[in-house]
Amino acid sequence: MNKITMLQNPSVIRRVFTSSALERLSAMAGELAVPSEPLGETPEAAEHFIRNADVVITSWASPALSQNLLDLAPNLKLVLHAAGSVKPIITDALWERRIPVISAASVLSRGVAETALGLTIMTLKNVWEVTAQTRAGNWWNNRADEVREHIREMYGVTIGVIGAGQAGRHYMELLRHFRVNILLYDPTVSVQEAAALGAQSVSLEQLMESSDVVMVLAPEIPQTYHMINEERLFMMKDDAVLINLARGSLVDEDALGKRLESGKLKVILDVTEPEPPPADHWLRKHPNVMLTGHIAGAVNNGLLSIGDFTVDELQRFYAGERLIGEIDPTRLHMLA
């Protein structure tokens, strides 16, 4: 009997899997084990559900797949992570068993890239100032004209992309529909590969100096901690825009505060360090900062695409086809 275990809290299952996705899972399973109560902090519930599982589906708040849990599923053949980063559920014991691990990061990354494009267009259009002036009654007058002079189109501007992971690559794919110059900083990508992506490979310093929009999409790893530091922030043009859709730790916020003292640079932060910032934090009040509250990835109905992708991957596994989201253990240290 083929047993598929959903090692997730019921609230997560409802947010990620439609009823039709669950029906498709059930059709592929001799037994589909779905918890009706939260798994909680103790291991007993997880031990009950994972016992004799052939396939395990995890997501946010799922327990790490420890040796004790894996020993209860000696025939485990596949782990499907219906979320982004697999690091919370990965253990050495899992890799030692050479069990394929699938992530739905590509689905989340697509949402991040689409949000990145929307924010790029919105901020070049200077929507936040135009909207504020319109609300204040300034439409066709001198003050409105001053604000409108700062509007730029997706033509001839330079977009700097930091990170050529799945989100960065899809963002650059979307940018190729516009007449813009794309600069890329990613030390793992060759000059030739960057060119194939429609970008010019440059140093981080050159990207910061030359870009009208700097889009941060790199993973949170030790090498990227505070990579957007004081020195690099002061390299940016006064009328440039910094957008961080990666993780808050990539931007030195104290240094950002110093750079913003000029009052010219504009910043959009979907993520902060810590998250959320304290209620009295200066980021919440600065007129040149927009906080979007970690909405770049899949939200609400977008989460359901994760469940569909997960079920599709399981079908591909059973059909012996190539798996789209399989994690390469040798590259785990480079992933978010």
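**Sheets and packed helices in a predicted model**

Strand E10 (residues 241–244), helix H13 (residues 253–259) and strand E11 (residues 266–269) make a right-handed β-α-β unit. Right-handed here means that, with the strands pointing away from the viewer, the path from the first strand over the helix to the second runs clockwise. Helices (H or I, at least four residues) and strands (E, at least two) are DSSP runs, numbered from the N terminus. The structure is a predicted model, in which local features need pLDDT of at least 70 and side-chain atom pairs count only at pLDDT 80 or more, whereas totals for chains, interfaces and linings use all residues. Residues are numbered from 1 along each chain as its sequence is written, and side-chain values use heavy atoms, with hydrogens and water left out.

Strand E10 has partners in two other strands. E10 and E11 run parallel and are joined by 4 bridges; two strands pair if DSSP finds at least two bridges between them. E10 also pairs in the parallel sense with strand E9 (residues 213–216), again over 4 bridges. Asn244 takes part in both pairings: Asn244 is the bridge partner of Val216, and Leu269 in E11 is the bridge partner of Asn244. In a regular strand the side chains alternate between the two faces of the sheet. In E10, Val241 and Ile243 point one way, while Leu242 and Asn244 point the other way, and all are buried (under 20% relative accessible area; exposed is over 50% and partly exposed in between, with a 1.4 Å probe and protein chains only).

A further part of the model is an open sheet of 5 strands in the order E2-E1-E3-E4-E5, with parallel pairing. Its edge strands are E2 (31–33) and E5 (101–103), each of which pairs on one side only. Neighbouring strands of this sheet are turned by 15° against each other on average, direction ignored. Strand E1 (residues 3–6) pairs with E2 in the parallel sense over 3 bridges, and Thr5 stands opposite Ala33 in E2.

Helices lie against this sheet. Helix H2 (residues 19–28) lies across E1, E2 and strand E3 (55–58), and runs at about 150° to E1. Axes are lines fitted to C-alpha atoms, for helices over the stretch in contact, and angles run from 0 to 180 degrees between N-to-C directions. Helix H14 (residues 304–318) also packs on the sheet. H14 touches E1, E3, strand E4 (78–81) and E5, and its direction makes about 160° with that of E4.

H14 packs against helix H6 (residues 105–124) as well, at an angle of about 145° and with the axes 9 Å apart. Ser106, Val107 and Leu108 in H6 meet Ser305, Ile306 and Phe309 in H14; contact means heavy atoms within 4.5 Å. The residues of this contact divide into 4 nonpolar, 2 polar and no charged (Ala, Val, Leu, Ile, Met, Phe, Trp, Tyr, Cys and Pro count as nonpolar, Asp, Glu, Lys and Arg as charged, and the others, Gly among them, as polar).

Thr310 is in H14 and counts as buried because its relative accessibility is 3%. Not counting residues up to four places away in sequence, Thr310 touches Phe17, Ile57, Leu80 and Ala82. Phe17 is found in the loop between helix H1 (10–16) and H2, and is buried, with a relative accessible area of 4%. Beyond four places in sequence, the contacts of Phe17 include Met6, Leu304, Gly307, Thr310 and Val311. Phe17 and Ile306 are 289 residues apart in sequence and 7.6 Å apart in space, C-alpha to C-alpha.
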